[in-house]
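User: I am new to reading protein models, and I would like to go through a few features step by step. Could we begin with the rings?

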Amino acid sequence: MIPFHMAFAVKDKESTRHFYGDVIGCKVGREAENWVDFDFFGHQLSAHLNTDPKPVAKSKVGNDMVPLHHFGAVLPWDTWNDLIDRLRGASYPFVMEPKVRFEGEPGEQGTFFLLDPSGNALEFKSFRNPDAIFEH
């Protein structure tokens, strides 16, 4: 796996550190006054302070309307379920509750959406057959 790097805007560092570090379980990396990095399942996320408003848009996926602007991770099935338990244990709200979609199709997957404290949408998914991630 080649890790990706993604920079994104957040409103403040401390709520971001708590969400990604304590709630999601990411290791905190380097940081400066206006940004902080996280080990996001082996990838580098850089949360940068910015108060510019974000566009709110949705897109249809299957039968669901989901946040158009989002990022996340494709996790092994057990890790995906463990994260659901961790979020429920922290009473963290879902934008879209965990569910299985495209049942019986090559892309059958578990998915859920939530927002970080800055309003960034995240999707976490898991494929019943990990080899089917790009099948259509």
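Analyst: A search of the whole structure finds 13 aromatic pairs, where rings of Phe, Tyr and Trp (its six-membered ring) pair if their centres lie within 6.5 Å, and planes under 30 degrees apart count as stacked, over 60 as edge-to-face and the rest as tilted. The rings of Phe-8 and Phe-71 have centres 5.1 Å apart and planes at 50 degrees, so this pair is tilted. Phe-8 lies in strand β1 (residues 5–10) and Phe-71 in strand β7 (residues 70–74), so that the pair links distant parts of the chain, 63 residues apart. Helices (H or I, at least four residues) and strands (E, at least two) are DSSP runs, numbered from the N terminus.

This is a predicted model, in which local features need pLDDT of at least 70, side-chain atom pairs count only at pLDDT 80 or more, and totals for chains, interfaces and linings use all residues. Residues are numbered from 1 along each chain as its sequence is written, and side-chain values use heavy atoms, with hydrogens and water left out.

User: Does Phe-8 count as buried or exposed?

Analyst: Buried means under 20% relative accessible area, exposed over 50%, and partly exposed in between (1.4 Å probe, protein chains only). Phe-8 has 8% relative accessibility and therefore counts as buried, and Phe-71, at 10%, counts as buried too.

User: Which value does phi of Phe-41 take?

Analyst: Phi of Phe-41 is near 55 degrees, which is a positive value in a residue other than glycine. Phe-41 sits in the loop between β3 (35–40) and β4 (43–49), and its 32% relative accessibility makes Phe-41 partly exposed.
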